[in-house]
Amino acid sequence: IPHHQLMNHAASAAGGKPTQKFERASTALKTDLGKEWLRTTLQDYLGHAVTAKVVEVEVAQSWGGQRHTWVDETVFTKSNTILLKGLVWMAVGYRDAKTVNLIADLCEKSMRKIPGVGPAAQAVANACLHYLEGTPGAEATARLARLATAIKQKSVQKRVADIVIQKAEAAGITTLQLQERVVPTYGLDAGEKSVAFDDYTLQIKVEGPGKISQSWIKPDGSAQKSKPKFVGEKAALKAKFDTLKAEMTNLKKVLMAQRDRIDLMFAEDLEWPLEEVMQYYLTHGLISTLATRLIWSLNTKGHRTAALFHSGAWQDVNGAPVETDDTTTVRMWHPVDHDTTALMTWRERMTALEISQPCKQAYREIYLLTDAERITEVYSNRMAAHILKQHQMSTLMAMRGWRYQLMGAYDDGLDDQWAHKTFVTCDLQAEYLIHTNWEGENYNDAGIYTYVGTDQLRFTRGDEPVALETVPTRLLSETMREADLFVGMASVGNDPSWLDQGPTPAARTYWHDYSFGVLGGFAQTRKEVLETLIPRLKFWDVAHIDGKFLIVDGKLNTYKIHFGSSNILMAPGDRYLCIVPRNVTKTTAVSLPFEGDNRLSVILSKALMLADDDKITARDIVGQLHH
């Protein structure tokens with residue numbers, strides 16, 4: 001009967017927000033059924049929803065005197081969507097970490113796109129956001145920061161941003177300050193913690209974004225690889241272990257969101273008091289695993305020094321101690337502010353310390369104003385005339401805080417627009433002109449354009465364009481870098497199977513020019529990294545760099561792998577070799593100086609495979625090697 005009462009009430013969830021009648025009934029249920037029983041039962045139901053699989057549902061409809069049936073993919077049926085919405089509304093008032101994280105996970109799952117359908121259950125996601133908006137505390141705000149990058153739909157993303165702004169204003173601080181102050185530590189000290197299971201100990205260590213190691217220590221102090229059998233046999237220990245596993249899953253999500261937040265801060269003009277950087281970054285149980293691998297710029301009484309917080313103390317590029325006092329302020333070090341010598345010295349220092357940075361900093365691409373941009377004055381054509389896959393570009397823009405509406409061939413569909421981004425510490429707005437780039441069937445079944453073209457990039461204040469020379473150097477560099485990122489990731493030139501798919505001769509020419517053409521900023525960075533890595537690679541004796549390419553001398557052919565697109569030409573004759581990333585299974589064990597550049601990993605994987613090209617067995621590749 002209690003379950004029937006709960007489900008009957010959940011099934012009454014109507015509208016976009018809970019009514020007063022619904023809330024009064026929820027309060028009564030907490031009294032009648034028991035607050036803790038209801039909490040546990042809601043968590044059980046929500047947990048099942050979070051792990052629900054995509055299923056096929058047969059749909060029937062009659063028109064024109066005939067009955068038609070077809071199959072749709074779905075996660076939650078209409079009735080289940082109403083139930084889940086009600087269950088989430090009933091959870092309002094529960095502020096424990098497990099409930100918060102279950103509802104945040106459900107929000108993320110509900111906004112996953114199902115092909116041909118759209119979000120799995122946007123009504124459920126809206127209910128989850130209603131819960132998170134009304135739930136105070138670090139856990140809820142930290143998960144909102146994750147949702148800001150995990151959810152790509154613009155309307156929901158805007159609502160998440162608005163909720164964070166409201167929470168910041170209520171606290172009397174900026175959104176950036178709020179996001180850095182609410183990150184939970186998960187009981188970690190410098191990224192580590194030990195949890196007792198009777199006389200065994202589970203040691204947990206954060207190795208980096210998305211990387212957590214676990215090791216069991218036996219009573220005699222020796223290590224054991226697998227979980228002790230008794231942990232799964234004792235109900236209390238099993239429950240403890242399951243709770244810890246769920247916590248580690250949420251920890252990974254929060255850490256990835258914080259890594260992305262820090263990466264976005266390179267464009268902002270932020271200067272912290274030293275004590276805040278120490279509290280929220282360098283001694284924070286979780287964030288310290290990221291912050292201690294970054295370079296900072298310390299300003300003490302007008303003297304600025306680049307430093308690393310290493311082994312519990314500030315050190316300069318030579319490892320010498322850096323003195324600070326209560327007047328010291330700190331900002332993030334950016335290579336655009338320094339000359340080549342300082343940049344190379346820091347790269348050498350990070351390599352010597354074997355530090356892999358959580359995001360690019362010492363190897364960060366920089367973009368300075370060009371003579372052509374001084375002539376055009378208020379706009380740049382540096383990132384113009386590219387053909388991009390619109391959905392991929394839109395997703396990347398959403399992740400980097402840009403506002404953009406998908407364009408399509410339908411009534412009131414846009415044919416061009418200025419994608420735009422605002423900043424917290426500057427009143428300028430960055431704008432990037434996107435347009436359709438050819439006539440014909442350049443759209444999917446929903447009428448959304450498959451490909452779009454790029455045009456001018458500019459900055460505005462209010463509605464007026466401003467001279468590029470007046471834009472702060474960091475802001476200009478970071479905005480150009482993001483535009484280069486959109487091009488570098490979403491260009492059709494990166495698709496190895498696109499060679500003959502271009503709908504026009506101009507599009508096919510663009511593919512070849514981009515695939516094997518001049519290196520952009522990201523490609524140049526890959527080249528610089530590989531120049532230092534080649535002597536440490538397994539295949540170093542058959543590899544070298546020549547201009548735009550990593551050259552690999554295989555047993556059957558010589559291969560030229562482009563640093564930008566990772567596409568391959570075979571010598572002699574520059575014959576094209578099509579290898580899509582899913583066919584690349586080998587990886588290298590070499591440590592990279594930064595995380596997050598998947599294409600660099602693809603280039604290394606392809607090179608490793610092609611060095612032993614006589615051992616390749618994949619038919620689609622072997623057939624090309626012998627032609």
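Predicted model: local features only at pLDDT ≥ 70, side-chain atom pairs only at ≥ 80, totals over all residues.
View 1. Look for Val-156, Gln-157, Val-160, Ile-163, Val-164, Lys-167 and Ala-168, which are buried. These residues lie on the same side of α8 because they cover an arc of only 135 degrees around the axis. An α-helix has 3.6 residues a turn, so residues three or four places apart point the same way. Just after the helix, Gly-172 has a positive phi of about 75 degrees.

**View 2. The largest nonpolar core.** This core holds 49 residues, and the ones touching the most other members are Met-90, Leu-106, Leu-129 and Leu-132. Eight helices, α1 (2-10), α2 (20-33), α3 (35-50), α4 (78-90), α5 (97-110), α6 (122-133), α7 (138-150) and α8, each contribute at least two residues to the core. Helix α6 gives the largest share, with seven residues.

**View 3. The largest cavity.** The count of cavities of 30 Å³ or more comes to one, and the largest cavity has a volume of about 30 Å³. Around the largest cavity you will find Met-265, Glu-268, Leu-270, Trp-272, Arg-331, Met-332 and Arg-474 as lining residues. By class, four of the lining residues are nonpolar and three are charged, with no polar ones.

Technical notes: Residues numbered from 1 in each chain as written. Heavy atoms only, no water. 1 Å grid on protein atoms, 1.4 Å probe; cavity = no way out; pocket = protein on both sides within 12 Å on 5 of 7 lines; lining within 4 Å. Points joined across faces, edges and corners; volume = space filled by probe spheres on them. Nonpolar A, V, L, I, M, F, W, Y, C, P; charged D, E, K, R; others polar. Buried < 20%, exposed > 50% of the residue type's maximum accessible area, 1.4 Å probe, protein only. Helix = DSSP H or I, 4+ residues; strand = E, 2+ residues; numbered from the N terminus. Arc of directions from axis to C-beta. Core = buried A, V, L, I, M, F, W, Y, C linked by side-chain atoms within 4.5 Å.
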